[in-house]
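Colleague: I would like to learn how to read a protein model. Could we go through one together?

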Amino acid sequence: MTRELKAVVVDDEQPAREELCFLLDRMDGIKVVGQADNGVTALTLIGDAEPHVAFLDVQMPGLTGFEVAQVLLEKGSPSFVVFVTAYDQYAIDAFDVNAVDYLLKPVEKVRLELAVQRIR
């Protein structure tokens with residue numbers, strides 16, 4: 001059995017956070033250890049919880065998901081980043097900040113499982 005992955009979910013839209021957490025909670029081997037509704041809070045949460053993966057929305061108040069990912073990259077954070085957004089036009093940019101995956105809302109269970117497999 002592989003170790004349980006710790007995840008944080010960051011999205012300024014509560015229904016989107018709740019839906020992603022619901023999908024993750026139903027998967028074996030991954031546990032949501034925190035949620036944030038903006039980029040500034042996300043950085044504190046990620047620093048405190050030290051998750052294996054951060055699921056980040058792209059457009060949020062404070063700092064965007066890209067700005068959060070850039071800070072994590074510059075700090076050498078071991079957390080993987082998966083972007084979860086309604087906007088497909090940022091997909092190429094996501095990989096410039098070492099994103100593992102880029103999921104479009106509404107998130108499909110099969111695509112989410114594939115992203116988690118990539119992280120493993």
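Colleague: Is Phe83 buried or exposed?

Modeller: Before I answer, note that this is a predicted model, with residues numbered from 1 along each chain as its sequence is written. Local features need pLDDT of at least 70, side-chain atom pairs count only at pLDDT 80 or more, totals for chains, interfaces and linings use all residues, and side-chain values use heavy atoms, leaving out hydrogens and water. Buried means under 20% relative accessible area, exposed over 50%, and partly exposed in between, with a 1.4 Å probe and protein chains only. Phe83 has 0% relative accessibility, so it counts as buried.

Colleague: How is the pair of Tyr87 and Tyr90 arranged?

Modeller: Tyr87 and Tyr90 are edge-to-face, 6.2 Å centre to centre and 75° between the planes. Tyr87 has 34% relative accessibility, so it counts as partly exposed; Tyr90, at 22%, is partly exposed too. Together, Phe66, Phe83, Tyr87, Tyr90 and Tyr102 form one aromatic cluster.

Colleague: Now the strands, please. In what order do they form the sheet?

Modeller: Strands of a sheet pair through backbone hydrogen bonds, either parallel or antiparallel. Helices (H or I, at least four residues) and strands (E, at least two) are DSSP runs, numbered from the N terminus, and two strands pair if DSSP finds at least two bridges between them. Here, five strands make an open sheet in the order E2-E1-E3-E4-E5, with parallel pairing. Strands E2 (30–36) and E5 (101–104) are at the edges with a single partner strand each, so one side of each has no neighbour in the sheet. E4 (residues 80–85) and E5 are joined by four bridges, and Val82 stands opposite Asp101 in E5.

Colleague: Which strands does helix H3 lie across?

Modeller: Contact means heavy atoms within 4.5 Å. Axes are lines fitted to C-alpha atoms, for helices over the stretch in contact, and angles run from 0 to 180 degrees between N-to-C directions. Helix H3 (residues 65–75) lies across E3 (53–56) and E4, at about 175° to E4.

Terms used:
Rings of Phe, Tyr and Trp (its six-membered ring) pair if their centres lie within 6.5 Å; planes under 30 degrees apart count as stacked, over 60 as edge-to-face and the rest as tilted.
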